[in-house]
Amino acid sequence: MPKIYLSPSVQEFNRYVDGGTEEYYMYLIADAMEPYLREYGIDFDRNRPQMTLAQVIADSNAQDYGLHLAIHSNASPDAVSGQKTGAEIYYFPTSKNGKRFADIIEKNYSQVFRDPDKVSVIPNRSLAELRRTKAPAVLIEVGYHDNRGEAQWIRENIDVIAKALAKSVAEYFGII
């Protein structure tokens with residue numbers, strides 16, 4: 001049975017522009033993914049809110065997962081706070097399977113995101129969840145939580161986001 005490690009953000013300090021935190025909303029997305037993953041026959045484990053990033057990575061590396069998916073929302077630099085929009089999908093540049101998973105997410109997420117042209121796949125060497133996990137890893141920034149319109153879109157589309165991500169996992173594993 002295919003197995004994935006879900007890693008919603010543990011960044012409770014990242015506040016949404018109009019209330020709530022990145023951690024809270026990303027955990028809602030992971031919660032909403034669970035029934036879809038079960039429908040596809042995909043097993044999963046998850047991090048816990050009280051974990052540090054180092055603990056999350058160690059927990060993921062403690063077993064053999066076919067994938068590691070980090071789920072985040074983004075914030076702009078102070079100088080342009082609230083002005084940026086878009087979804088960014090990061091993978092480690094030398095990971096062929098990470099890139100393949102990122103491309104699948106881009107295809108499926110572009111079909112549901114509020115502006116399909118603003119969904120991009122980006123190689124990244126610095127994000128710890130990409131470079132330090134054993135399993136092929138992707139980190140998705142589902143949108144900008146400092147942009148009022150995008151933060152509202154995230155809150156109103158938790159299930160839509162979850163369904164697109166779960167579908168991407170199933171597609172990666174060749175289930176659909």
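Q: In which sense do β1 and β3 pair?
A: This is a predicted model, in which local features need pLDDT of at least 70 and side-chain atom pairs pLDDT 80 or more, while totals for chains, interfaces and linings use all residues. Residues are numbered from 1 along each chain as its sequence is written, and side-chain values use heavy atoms, without hydrogens and water. Strands (E, at least two residues) and helices (H or I, at least four) are DSSP runs numbered from the N terminus, and two strands pair if DSSP finds at least two bridges between them. Over 5 bridges, the sense of β1 and β3 is parallel.

Q: Over how many bridges do β3 and β6 pair?
A: In β6, Tyr-144 is the bridge partner of Asn-74. The two strands, β3 and β6, pair in the parallel sense, and the number of bridges is 6.

Q: How many residues of β3 are buried?
A: Buried means under 20% relative accessible area, with exposed over 50% and partly exposed in between (1.4 Å probe, protein chains only). Leu-67, Leu-69, Ile-71 and Ser-73 point one way, His-68, Ala-70, His-72 and Asn-74 the other, and all are buried. β3 is therefore largely enclosed by the rest of the structure, the buried count being 8 of the 8 residues.

Q: Which elements do the buried residues of α3 pack against?
A: Among the buried residues of α3 are Phe-101, Ile-105 and Tyr-109. Contact means heavy atoms within 4.5 Å. Not counting residues up to four places away in sequence, Tyr-109 touches Ala-87, Val-119, Ile-140, Val-142, Trp-153, Ile-161 and Ala-164. The buried residues of α3 as a set pack against β3, β4, β5, β6, α5 and α6.

Q: What span does α3 reach from its first C-alpha to its last?
A: The expected span of a helix is 1.5 Å times one less than its number of residues. For the 15 residues of α3, 21 Å is expected, and the span reached is close to that, at 21 Å.
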